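Biologist: I would like to learn how to read the packing of helices in a model, taking one feature at a time. Could we work through this one together?

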Amino acid sequence: MRVAIAGIVQEALVFSPIKATAADFAVLRGPEILGHLGVDGTLRDLGMEPVPILCATHLSPSGVVDERAYLGWRDEIVAGLRAAGPLDGVCLVLHGAMTVENVWNGETDLVREIRAALGIDVPIVARLDPHANITEEFANKVDTWAAFRTAPHRDAQETLERALHLLARRARLGHRTHPSFVRLPLLLPGERATTPVEPMKSLLALAREIEAQPGILNAEVMIGFGWSDTPHSGSCVAVVAEDDEHLPAARREAKRLAQAMWDRRHDFTYDQEVAPSIDEAIDRALAAPERSVFLSDAGDNVTAGAPGDSTLFLSRLLARRVPDAVVAGLPDPEVVRRCLAGGIGATVSVELAGKLAMPPAGPLPVTGTVEHLYEPPGGSRDAAIATLRVEGVHVLVTSRRATFASAEDIRKGGIDPLEHKIVVVKLGYLLPRLRDAAPREILVTTPGYSDLDFTRLPYRYVNRPIIPLDRDFVWYPRITSVAGYADAP
Ligand SMILES: [Zn+2]
């Protein structure tokens, strides 16, 4: 069977002031897509002849996507599908939380255009991240989707393979399928819905049990992307029947899965140590027996799409005259330029960072000494780093927004993080390599665009009532995707 492969992968923190432009994506076309995806073996096993078209993948999450960039890729994908000749299926590689300026839900717009081009008969299966916000229209226009079953994510490859297997099964059926879809009034930060612990562990086990039933193609549990202020933001579940005969079972099981998730709504919690304020986190770190404590400035999490330039943490470290700390990092291209011009040992007085951060985290006036300079080699995607010593704090100032995902990344700034008592990072949960290295990690629920406390964020468009913005309301599961079928009770 001939299977087209295409996609756009992006996660939009809609509160973030940083728009995702074309330069923020890696775009692959044609055969290079296959090299990147690494599923040649599965394609061969399933007898699939791949027709790779275009895959645009964000280099790191940010705010909404530039409309012109998105439309360009969308139209290229649709034109490629039209030009591909007869197709037996389409596999879409998506994240599922892409908000495009003036378009709104990017994935829905994309499948709408693809269906319009290919008609209703060609099977379409998507690979998604479970931190996706699904619309009814999306659920009606694809045949099904496969979402990662690990968070933090470790099964991207397996999930794409699962999507291809679902596509093969759907093609053998020879008729359209539709997810029976239930949206829950539940906004979750990913940090409170990791899969090694409850309740996600049991919910995924229940999904597996449901999809083992005869006549059920698959069952998915979607955590949702809570930092997206749209009417379709939130958790959802989906169960797909193979045919009309099994549709009542799929609808019943979708409701059962949704009810199970709802029943556990108060059990979603952090699987790690949390501090409710910067001062509390600093107190605990200073009193800690561990040589080094990593503090995540979770409200300014660059891996969620926040600017990463909030100075709230640094200002508290300085105000409290903490003798030994590292801040990794703060983006400020102008300050990096001044440090590079001054050279190592120079003293600079600057208004540091805070230009994009959510108020009141504005630029912080500091005077510091340039301790270390890192200029990336040509061709590297690294940011330049100027390490500025401000009293007891070593601040890694970067030439653009950067993710410090490992101790090695921080060492590029001339600092061994494990030699310092407090290490502030602009993350949520520590990324796996940093987590492995950190003697202790504390998630700090700071304010900012990726605030883990959703009640402090300025939501305007989410459906209400919804947890945690509202409490004490009655809800029962309802199927809301109805294409092709009468809406049975
Ligand atoms: Zn995710």
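Biologist: Before we turn to any pair, how many helices and strands does the chain have?

Modeller: Please keep in mind throughout that this is a predicted model. The chain has 13 helices and 20 strands, and its C-alpha atoms fill a box of roughly 75 × 50 × 40 Å along the principal axes.

Biologist: What radius of gyration would a compact globule with 489 residues have, and what does the chain have?

Modeller: A compact globule with 489 residues would have a radius of gyration near 23 Å, and the chain, with 24 Å, agrees with that. Buried residues make up 51% of the chain, and, of the contacts with a separation of 6 or more, 77% are between residues 24 or more positions apart.

Biologist: How are two packed helices described?

Modeller: They are described by the angle between their axes together with the distance between those axes. Take helix α3 (residues 67-83) and helix α4 (residues 106-118), which pack at an angle of about 25° with their axes 10 Å apart. Angles under 35 degrees count as roughly parallel, so α3 is roughly parallel to α4. The crossing in which α3 passes α4 is right-handed.

Biologist: Which residues in α3 and α4 meet?

Modeller: From α3 come Y70, R74, V78, L81 and R82, which meet G106, D109, L110, E113, I114, A117 and L118 in α4. By class, the residues of this contact divide into seven nonpolar, one polar and four charged.

Biologist: At what angle do helix α9 and helix α10 pack, and how far apart are their axes?

Modeller: Helix α9 (residues 278-287) and helix α10 (residues 312-319) pack at about 55°, with their axes 10 Å apart, and they are therefore oblique to each other. Here too there is a right-handed crossing, as α9 passes α10. On the α9 side, I278, D279 and I282 meet L312, F313, R316 and L317 of α10, a contact with five nonpolar, no polar and two charged residues.

Biologist: Which residues in α10 are buried, and what covers them?

Modeller: L312, F313, L314 and L317 are buried in α10. Their cover includes α9 as well as the strands β13 (293-297), β14 (325-331), β16 (364-374), β18 (393-398) and β19 (422-425).

Biologist: Which residue takes a positive phi just after α10?

Modeller: That residue is R321, whose phi is about 50°.

Terms used. Residues are numbered from 1 along each chain as its sequence is written. This is a predicted model: local features need pLDDT of at least 70, side-chain atom pairs count only at pLDDT 80 or more; totals for chains, interfaces and linings use all residues. Axes are lines fitted to C-alpha atoms, for helices over the stretch in contact, and angles run from 0 to 180 degrees between N-to-C directions. Helices (H or I, at least four residues) and strands (E, at least two) are DSSP runs, numbered from the N terminus. Angles under 35 degrees count as roughly parallel, over 145 as roughly antiparallel, 65 to 115 as roughly perpendicular and the rest as oblique. A crossing is left-handed if the near helix is turned anticlockwise from the far one by less than a right angle, and right-handed if clockwise. Two residues are in contact if their C-beta atoms, placed from the backbone, lie within 7 Å. Ala, Val, Leu, Ile, Met, Phe, Trp, Tyr, Cys and Pro count as nonpolar, Asp, Glu, Lys and Arg as charged, and the others, Gly among them, as polar. The radius of gyration is taken over C-alpha atoms; the globule rule is 2.2 Å times the number of residues to the power 0.38. A residue is buried if 20 or more other C-beta atoms lie within 10 Å of its own, exposed if 12 or fewer, and partly exposed in between; C-beta atoms are placed from the backbone.
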